[in-house]
Amino acid sequence: MSPYNHPTRPHVSIPQPPSGALPPGAQQPTNPSPSTRPYTPWAFEVTPPPFLDDQYPLQNPWGDEHGSPSALRHRTLSLVNLPSDGSRTPTRVGSLQASTTGPLAFPEPQIYRSVSQRASGHKPSASDASNLRLRRDPSTASFQSSQSSNSWYYDDDYGSVSNESHGDEELLSKSLSDISLTSDEGLTRFQSGELPENDQEWHKLVPPEAIEALGKMEVQRQSVIFEVFKSEREYVSDLEAVQDVYITPLMNSQPPIIQPNRLQGFISEVFGNFSQILAHHQRMLGDLFARQRDQHPLIQSIADIVLDTTLKNDFRSAYETYIKHYPLSESRHRTELQRNAAYQSYIQSASSDSRIRKRDLITFLSRPVTRLPRLNLLLEQILKLTDKDYEHPDLDTLPIILGILNDCIKSTQPGIEAAESKVKFWALCESLVFRKGEIIDMNLYDKSRSLLYSGPVSRKNRSEGSVTGSWSGSGWADLSAALLDNYFLLSRQEQRQNGAVKRHLMSRPLYLSFLRLGSFTSPPETRKEHPKDGSVLSGLLYQSTPLYPFTIYHETSKQSRRYTLYVASEAIRKKWHNFFVDAITVHKMLQYFAPDVLSRQFFRTGGGLNGSKVTGKINAAVPFTFEGRQYIAVSCSTGIYVTIRGRETFCKVLNVQSTSMAAVQSLGPKTFNKFIVHVNNSLLSYPLDLIAHVALGQTEPKALAASMEKVVSSELMFFKHLHVGQRVLIVYAVKKLLQVTLSLHALEVMDVSDVAFTPKRSSKSSHSFRTFGDAGYAPKDAFDVTPLVKTIGICARGGILIVDPTNIANSRVTVVPDFSGASTNQPMANLKSRVDSAKPLGLIRSDASELLVIYDTVGCYITKHGTPSRSSGYIKWESKIDSFAQRGTHVLLFSTQFIEIREILTGRIVQVIEGEDIRLMYAGPTPDNHEPILVAMRGEQDKKEGNVEKIVELQETSEISAVRTPTTALPAMWEEWDM
């Protein structure tokens, strides 16, 4: 096939001579039928449309619109009459008699002479050339001629002018063929990227005759379309360079630049879904180049190709994913540059590649971020340059594409802002410097963590001091404040010699559940600052700056943790206030445990105006089940009350004042049916079924009182109901007169099937309980028992004693934590001095190798040998606690105002429940179980009804973790305390 006969490109036909005979060697001109040609919206034709005097003539869309329609008569203008060197033709143009040149390779425009051009000897000027316009033709895409001679017809007076022959037409036609050939070669070199940069312009790849024949607006439109081709080619080339120069060598480098265990994650974090975006644009570029080869130099439209690409959901989603992740990619790259010398050297060496052209990797990473906005601008320009007078398909297609691109760009903006905030947040996290010794896990790298607001603040020093900067203010400190979605941080910024920025925490991070807002309306104060230039007058000169104060404080430390901070304007102060309010409100929505009120009106500690019955303060509560019904027993100063769960109709079943209770129902196949109460230094037992019958009114309280069994007669200090293996034990301590230590005893509760139903011979004997081993001893200041798996811990002021409850007398006693190495270990010595004044409350298992020892103010981790672990670090509770409970991987810490819920493994605080006069009533007999947690607290105060106490059950709102602690997961673990 001839290089001039492209299968899909429009052809140019050479007009026939007047006689119809062809010169020797000439070929018959082609004249495709309009009905067989494909639709071509921009046709080039030399044949004028038929003129009818009684019809409205066809308007020239680019010509003079002010001329009279009836005065228009379009005539033929042959493009071959235009000289190839760009000069104008003579006044009259002769007809072409013969041609040996085949059809030209580029589509020629259909041209009409404007009315303004005269027939009388006028030489066309540059301004006249702008009047040569295109006519839209739905069926014709070639030069056609229906005239017997090739002449110029001028619109003046509808007359004709005779033509004269000028020059050598054969040489002129050959010159145009050479121009077309040069254009094709240039196009090929452009698409392959071999064309010099200065020649990569549309007007340099198009014959000047065609440019002159087109209108100014169409020339601009073609130039913008060419810019789409060029920018898309460069974009794909850059993306391919990233794949070839950065990603592939990084993955195949030996020795590895990035550690193999984190290489894939690093590639994903930095380059994201680069390959997906590249695949989409490689396909689109192929289609665009095919269109350019078919229609160059006059591209009819590229909108259909772009629309087909942008309509794909995976195209838009790929961009949304990448753009939203871009700030994180850049941050990850910069961080690796600072930390990894091999990576830094690798990036520097890659920049020498010819495709990189000394550009930074950040430039390539940002290319997808800017591509859609740039493409959007180019398409907007094409739409502006598309003629509106005719139904060009771009007028319908381009707005659709622009709408899709704008929606995609807008949808990524929140993601970009969030990612940029995340990068800023990460920079803050990496620069924080904590105080030594304390373990603070703020869960900074959780996906939901975010930096809400930050900025500089000032604070008055408690002592005089200087402040860095060109001015110094006596008594002032310049700090940085940051509000996260879970903490408020106050730090002092330090710029180190290597350029790194470190932020030293000035106080413990303030958890938002404990943050309270003070005054935000105080009048501004003046800060006087003296220049630090060292001049003689520096002590006399000062600069006065107004500062606006606001106050925040910790709820449990209103005085010691009260902060008055100063900002530069009222607007900034209001912004801080708004962010505080919003952050605290949202923070309270997170719940792992939700309080469920079981009783809110029955128990009263003070009479109201209505003379309501006073039950007294709640001392203990315990749940139990009987015949499928759930009951709650509550002990007050006036007696023990029982009701069915969910009802407020409590019934008084025993007239005793119990300080603690236990409902021993069953364990495995064993049934015990015991209700045990601690009353007046004695331990009493009642049948559990009779308790339920009395509560339902089926049995008289006298019958219940007569069934009482005395387990421990006197001198009882405390007792604990716990499960050890398949045994139910009652461990209790008694203190006899003149005894300096406590006697520690263990009783096993008997199965009802093993109890002999014989009359009691002595009131001191018990048939339902039997002594389990010999009694042992405990420190005189012991106050509680904490259960483990097969051992127990006796809590005393000096520590926690680990003993075997099945052999208390002969078991080896170990005290934890073990600070025997504190004399040679300073962190351990610091921890010892901190816990010496604290009250130990118990210990729970953290994982297979650690336990968490819980004090009333702090917690610390120890190994299974009892020595402090984690560099003798400690966790400081937000408030002073008096009890705790374990559920799954979390521990609940109870103080009078708050319930802190923390992760056992990290000490991270995850939720805080507020209340007044909070007391833990029941948490179950084992460290980790699924029984309800019952809490008593002060209810709503009512003047008429008096002071009310309520009972609340803490229910898990969702499964905290699929992995339970080793207590449940591995029951055989820790059977013995390994010392």
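The second largest pocket is lined by 26 residues. Those nearest its centre are Ala427, Glu430, Ser431, Val501 and Arg503. A pocket here is an open set of points on a 1 Å grid over the protein atoms alone, where a 1.4 Å probe fits, with protein on both sides within 12 Å along at least five of seven lines; lining residues have an atom within 4 Å of a point. The model is predicted: local features need pLDDT of at least 70, side-chain atom pairs count only at pLDDT 80 or more, and totals for chains, interfaces and linings use all residues. Residues are numbered from 1 along each chain as its sequence is written, and side-chain values use heavy atoms, leaving out hydrogens and water.

The volume of this second pocket is about 730 Å³ (the space filled by probe spheres set on the points, which are joined across faces, edges and corners). Helix 12 (394-431) is one of the elements that supply at least two lining residues. Its share, seven residues, is the largest. Helix 8 (313-339) also contributes, as do strand 4 (451-460), strand 6 (476-484) and strand 8 (501-505). Helices (H or I, at least four residues) and strands (E, at least two) are DSSP runs, numbered from the N terminus.

Now turn to the largest pocket. It holds about 1200 Å³ of space. Its lining has 41 residues, and Lys720, Asp784, Ser883, Leu920 and Met921 are the closest to its centre. Strands giving two or more residues include strand 15 (620-626), strand 23 (716-724), strand 28 (784-787), strand 36 (883-887) and strand 40 (919-922). Strand 23 gives the largest share, five residues.
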